[in-house]
Amino acid sequence: MSKALDGVRILDFTHVQSGPTCTQLLAWLGADVIKVERPGEGDATRAQLRDVADADSLYFTMLNHNKRSLTLDTKDPIGKEVLETLIRYCDVLVENFAPGALDRMGFTWQRINELNPRMIVASVKGFGPGPYEDCKVYENVAQCAGGAASTTGFDDGPPMVTGAQIGDSGTGLHLALGIVAALYQRNSTGHGQKVLAPMQDAVLNLCRVKLRDQQRLERTGTMHEYPQYPDGKFGEAVPRAGNASGGGQPGSILKCKGWETDPNAYIYFITQGAVWPAVCKVIGEEGWITDEAFKTPAARLLHLKPIFARIEQWTMTKTKFEAMDILNKYDIPCGPILSMKEIAQEPSLRETGTIVEVDHPTRGKYLTVGNPIKLSDSPTEVTRSPLLGEHTEEVLAQLGYNAEQVALMRAKKVI
Ligand code: COA
């Protein structure tokens, strides 16, 4: 079956997590992704957080599926020539070097545009234009600068970063969308363009509801769905809201049976207005259906703490899965807190290809997250990440280099 991005060639100059996330998605959608790596060492993540001696780390393998690897010293004059050929050959160059690195290499936007006016040049940077544009940035810096850390955690604790890699993988996802949009626009304009996804901006986009709340707070001085209401005080900036829902339907994380020993025996429980009578029946508080203090969503906002405490008395008598089964019969929105161990074993995620087992020549079998985006006419088959330089000869032959030229490059350590 054909793939959505069949025929699209990506010059993948990415490393670590943000850029590789983007190019892995494009590869899953069918693009030919040629990852250019420094001879001898390659992407630094190949050797980071290793769990198997001398094998590419899971950090690397899980972010570089379905790609080809070409080693090339792009600071060497011969390497630069090969890079020029690659720029003419490919449709998109994706990079997430530190600011200015591509220019220092001699490949400014103008130069790339001269070599291939149709080329799209897509970049992840920590910050967009402004005071921090020259800074190097990693995941947690972006979470802090993009508003996630100040709005995550509990009111009486410090700012907190989340486990979801919204700075790196979140930005990679944004960049991938920018690239496919630029490819689409190229169909009518005939020329490429620059695509920039700054990590601060991508995190902020994902924290959009918190900027909403900042403005609500400034206008009204309070936010009724936050745990600070009605007893605590609000300051000038959106506070951390613990596990409150963040939307118009109050929610909380509640203990379930076994919580004393299992750190994940919890459920997320949402008291959606439409199912309030069902909630009352399930927990045995039918009087709350008509009680003025609990009857309407507005009245309940004054009593969220005692309401959730009472619901928790009920959830503590059930495992998170038992509670899930019972609550779903009444359409009460809820979700078990799943550990990574439980997710790894979840059969439905295996069946849909979201959790995939991959075989690798030096590390053996491992689990990875497959493509979460499902296209009915462009199914994803996850294939293992390439070894360093595994496709160097193959790619150079495709670019028109003969065996003698390749041997010379190897002798000069350009590849
Ligand atoms: N051949 C020759 N040189 C190469 C090369 C190749 N194939 N590939 C990379 N290099 C060079 C670069 O040109 C650069 O050289 P320079 O510093 O002389 O200009 C050098 O390798 C290092 O690149 P850099 O990006 O600065 O790596 P770093 O390890 O110092 O920094 C980051 C890593 C992630 C902090 C930085 O790349 C960054 O801020 N990127 C943008 C934001 C980002 O994506 N962050 C999230 C990462 S998950």
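Predicted model: local features only at pLDDT ≥ 70, side-chain atom pairs only at ≥ 80, totals over all residues.
Let's start with the whole chain. There are 415 residues. How many helices and strands does the secondary structure come to? It comes to 17 helices and 11 strands. Look at the C-alpha trace next. Along its principal axes, that trace spans about 85 × 45 × 40 Å.

Of the residues in the chain, 46% count as buried. The accessible surface comes to about 20700 Å². Carbon and sulfur atoms account for 55% of that surface.

Next, contacts along the sequence. Take the contacts between residues at least 6 apart in sequence. Of these, 65% join residues at least 24 apart.

What about charge? The chain has 44 positive and 50 negative charges.

On to the ligand. Which residues come nearest? There are 23 residues around the ligand, and the nearest are Lys75, Ala98, Arg104, Lys136 and Val137.

One of its backbone N or O atoms lies 2.6 Å from a nitrogen atom of the ligand. Phenylalanine 97 also uses its backbone: a polar atom there is 3.4 Å from a ligand nitrogen atom. With histidine 15 we turn to a side chain. An N or O atom in that side chain is 3.1 Å from an oxygen atom of the ligand.

How much of the ligand's accessible area does the protein cover? On its own, the ligand has 930 Å², and the protein covers 84% of that.

Terms used. Residues numbered from 1 in each chain as written. Heavy atoms only, no water. Helix = DSSP H or I, 4+ residues; strand = E, 2+ residues; numbered from the N terminus. Buried < 20%, exposed > 50% of the residue type's maximum accessible area, 1.4 Å probe, protein only. Contact = heavy atoms within 4.5 Å. Areas by Shrake-Rupley, 256 points an atom, 1.4 Å probe, with all protein chains shown as cover. Lys, Arg positive; Asp, Glu negative; His and termini not counted. Charge placed at Lys NZ, Arg CZ, Asp CG, Glu CD. Near = heavy atom within 4 Å. Polar contact = N/O pair within 3.5 Å; in protein donor to acceptor, adjacent residues only side chain to side chain.
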